[in-house]
Amino acid sequence: MTDLKLYRNIGIFAHVDAGKTTTTERILKLTGKIHKIGEVHDGAATTDFMDQEQERGITIQSAATTCEWDGHRLNIIDTPGHVDFTIEVYRSLKVLDGGVGVFCGSGGVEPQSETNWRYANESEVARIIFVNKLDRMGADFYRVVKQVKDVLGANPLVMVLPIGIEDDFTGVVDLLTRKAYIWDDSGDPTRFDITDVPADMADKVEEYREQLIETALEQDDDLMEAYLDGQEPAIDDIKRCIHKGTVALDFFPTYCGSAFKNKGVQLVLNAVVDYLPNPMEVEPQPEVDLEGHETGKKAVVDPDGPLRALAFKIMDDRYGALTFTRIYTGTIKKGDTVLNTFTGKTERIGRIVEMHADSREERDSAQAGDIVALLGMKNTRTGHTLCDPDDPATLEPMVFPDPVISVAISPKDKAGNEKMGIAINKMIQEDPSFRVETDEESGETIIKGMGELHLDIKVDILKRTHGVEVNVGKPQVAYRETITQTVEDSYTHKKQTGGSGQFAKIDYRVEPGEANSGYVFESKVTGGNVPREYWSAVEKAFGNCMEEGTLAGYPLLDVKVTLLDGGFHAVDSSAVAFELASRAAYRQTIPKAAPQLLEPIMKVDVFTPEEHVGDVIGDLNRRRGMIKAQDAGVTGVRVKAECPLSEMFGYIGHLRTLTSGRGQFSMEFSHYAPSPANVAEVVIKEAQERRAKK
């Protein structure tokens with residue numbers, strides 16, 4: 001059995017282009033996993049092994065790899081930074097014990113960094129910070145540290161200071177040991193000298209070292225008392241305090257360097273080992289029963305306990321489907337039978353492999369704390385729990401956001417139809433934020449996702465990986481509907497045929513619900529006018545009807561239905577009769593409640609050089625955008641706005657034209673808001689035309 005204290009399960013996450021993948025490459029080189037460094041911009045990075053990743057220079061799938069440093073085993077997941085693939089970050093964070101947040105030295109805390117940081121906070125993942133790209137124009141370590149405080153509301157614990165900046169960046173000073181690490185220009189990460197602190201930095205080093213020690217010693221009252229009495233704490237004691245504070249999320253040890261120039265990565269690796277938690281130091285995952293209620297038990301990390309493992313990613317490759325799994329407790333061996341609590345079926349584990357990006361190493365068994373890929377799992381999907389068949393339990397499942405954009409696709413030739421169906425099925429298993437449905441009347445296949453780039457890449461994967469050429473329709477926005485007025489109404493369903501008939505009468509109120517409340521049902525029936533066993537039929541029928549609004553056929557949001565009274569017949573009433581009455585009542589009443597079309601509003605974060613700010617803001621205003629904030633940085637201005645999704649199609653091309661190719665933007669779903677009358681009119685008209693065609 002491996003000593004779990006020597007395990008570190010970590011993720012590397014950041015904004016697009018902050019250098020996550022490059023940092024991962026350097027870690028693999030330093031730990032001896034790879035001998036030649038591959039570069040992202042050459043399309044040769046180890047963890048970016050998809051064609052689409054290599055061409056676009058972005059990470060799309062989170063890749064898993066394992067390496068060793070200082071006698072410790074590191075399971076590393078390199079996650080995507082692009083907002084359309086945030087789901088990959090979310091599900092990776094769910095199974096990690098610690099993370100490295102990478103920030104660009106010149107870009108600072110960028111839009112996606114905020115989202116990822118928020119996810120990491122929600123998952124309570126301990127992190128260290130690496131401020132990368134200090135060799136770039138406009139890099140400023142101290143400014144990024146300030147942004148981490150101001151923008152993320154986090155507490156960065158500065159552990160090193162940079163020596164020089166931009167072209168003159170040569171190394172870092174380790175504040176704990178008061179030693180300078182200076183690399184030569186050969187680009188070899190192992191060629192550095194450890195020297196004394198440069199004379200011109202002595203005062204700054206002492207100032208920051210004092211802050212570091214004071215913050216760290218807050219974790220231990222006795223050490224703090226001794227320190228205030230003038231006693232210098234031992235370095236091991238300070239490290240112990242930093243470890244404790246990092247695991248408790250009180251602060252985040254902050255490092256800096258240039259991964260591309262191979263400077264500063266060793267200290268980050270040392271920090272992973274010294275300060276990030278091992279699997280036993282993390283709050284155990286709560287167990288839930290099959291209804292989703294917490295049982296009060298926890299999946300405590302123990303190789304001898306009953307098996308508890310979470311499948312967090314499915315990936316299809318040339319050997320079949322790989323199920324990436326984090327084992328929380330217990331041990332699994334090749335050939336074992338495990339229970340999937342979601343499906344209620346058992347599965348046999350064919351093979352266990354340890355991943356190194358897209359190559360693999362066979363293993364006979366894996367234990368609590370491990371992240372491995374399993375082969376041979378037939379019905380396991382992302383978020384499913386695998387457990388001991390004799391001692392079943394479910395780990396808290398993952399929740400995925402609803403897609404905001406859809407396009408219709410169809411194969412270019414008849415032969416491609418079956419092929420497309422098989423390919424799409426595999427893609428759905430791999431990516432829970434990618435949904436597909438078939439429009440029954442028109443027979444079109446509709447794919448839904450988190451953004452234009454997301455769907456663009458799915459179409460690309462269909463073409464290249466699965467060899468299916470498809471025609472792609474115009475992007476469609478996922479509108480919603482709601483009501484704006486309260487209506488009290490009544491409906492009686494009566495049907496007399498030979499023998500027993502059908503009878504159900506309901507008096508009810510339909511009213512606008514609280515924002516984000518969804519569909520709420522309440523019964524205020526007293527005296528048994530509608531027997532209790534029929535309430536659920538009314539609730540279910542109204543709920544099912546909410547899937548299709550009366551304006552344009554989009555789902556209805558935030559509606560409260562209250563059953564006030566009604567009537568029943570001892571012989572002719574049944575659950576079916578009340579269900580039919582409720583469906584008809586929905587069609588009768590919703591049009592009276594002043595229904596309204598809602599459109600998805602996106603949080604848009606645009607980066608532009610200063611000279612183009614006016615053009616960018618003017619353009620966002622034309623797109624019905626509301627400007628929320630403007631932050632001037634060294635290299636340009638960040639404009640934060642809220643814009644309707646329908647106005648944002650093709651925006652990246654337009655932005656590049658406006659900013660001479662230098663603008664960047666990211667956007668994520670924010671909320672639904674009422675559509676202006678002229679927009680709603682067009683959408684409703686299109687919906688009516690579609691219905692008429694059918």
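Me: In which sense do β33 and β34 pair, and over how many bridges?
Reply: This is a predicted model, to start with. In it, β33 and β34 pair in the parallel sense, over 5 bridges.

Me: Which residue in β34 stands opposite Ser 523?
Reply: That's Leu 563.

Me: And what order do the strands of that sheet come in?
Reply: The order is β31-β32-β34-β33, an open sheet of 4 strands with mixed pairing. At the edges stand β31 (487–495) and β33 (519–523); each has a single partner strand, so one side of each has no neighbour in the sheet. From one strand to the next, the twist averages 25°.

Me: Which strands does helix α12 lie across?
Reply: Helix α12 (residues 535–545) lies across β32 (502–512), β33 and β34, and it runs at about 155° to β33. Helix α13 (residues 575–589) packs on the sheet as well, touching β31, β32 and β34, with its direction at about 40° to that of β32.

Me: Switching to Thr 562: is it buried or exposed?
Reply: Thr 562 is buried, because its relative accessible area is 0%, and the cut-off for buried is under 20%. Thr 562 sits in strand β34 (residues 559–567).

Me: What is Thr 562 in contact with, leaving aside neighbours within four places in sequence?
Reply: Its contacts are then Asp 507, Tyr 508, Arg 509, Glu 511, Glu 522 and Lys 524.

Me: Zooming out, how many helices and strands does the protein chain have?
Reply: There are 16 helices and 38 strands. Of the 694 residues in the chain, 55% are buried.

Note on methods: Residues are numbered from 1 along each chain as its sequence is written. This is a predicted model: local features need pLDDT of at least 70, side-chain atom pairs count only at pLDDT 80 or more; totals for chains, interfaces and linings use all residues. Side-chain values use heavy atoms; hydrogens and water are left out. Helices (H or I, at least four residues) and strands (E, at least two) are DSSP runs, numbered from the N terminus. Buried means under 20% relative accessible area, exposed over 50%, partly exposed in between (1.4 Å probe, protein chains only). Contact means heavy atoms within 4.5 Å. Two strands pair if DSSP finds at least two bridges between them. Axes are lines fitted to C-alpha atoms, for helices over the stretch in contact, and angles run from 0 to 180 degrees between N-to-C directions.
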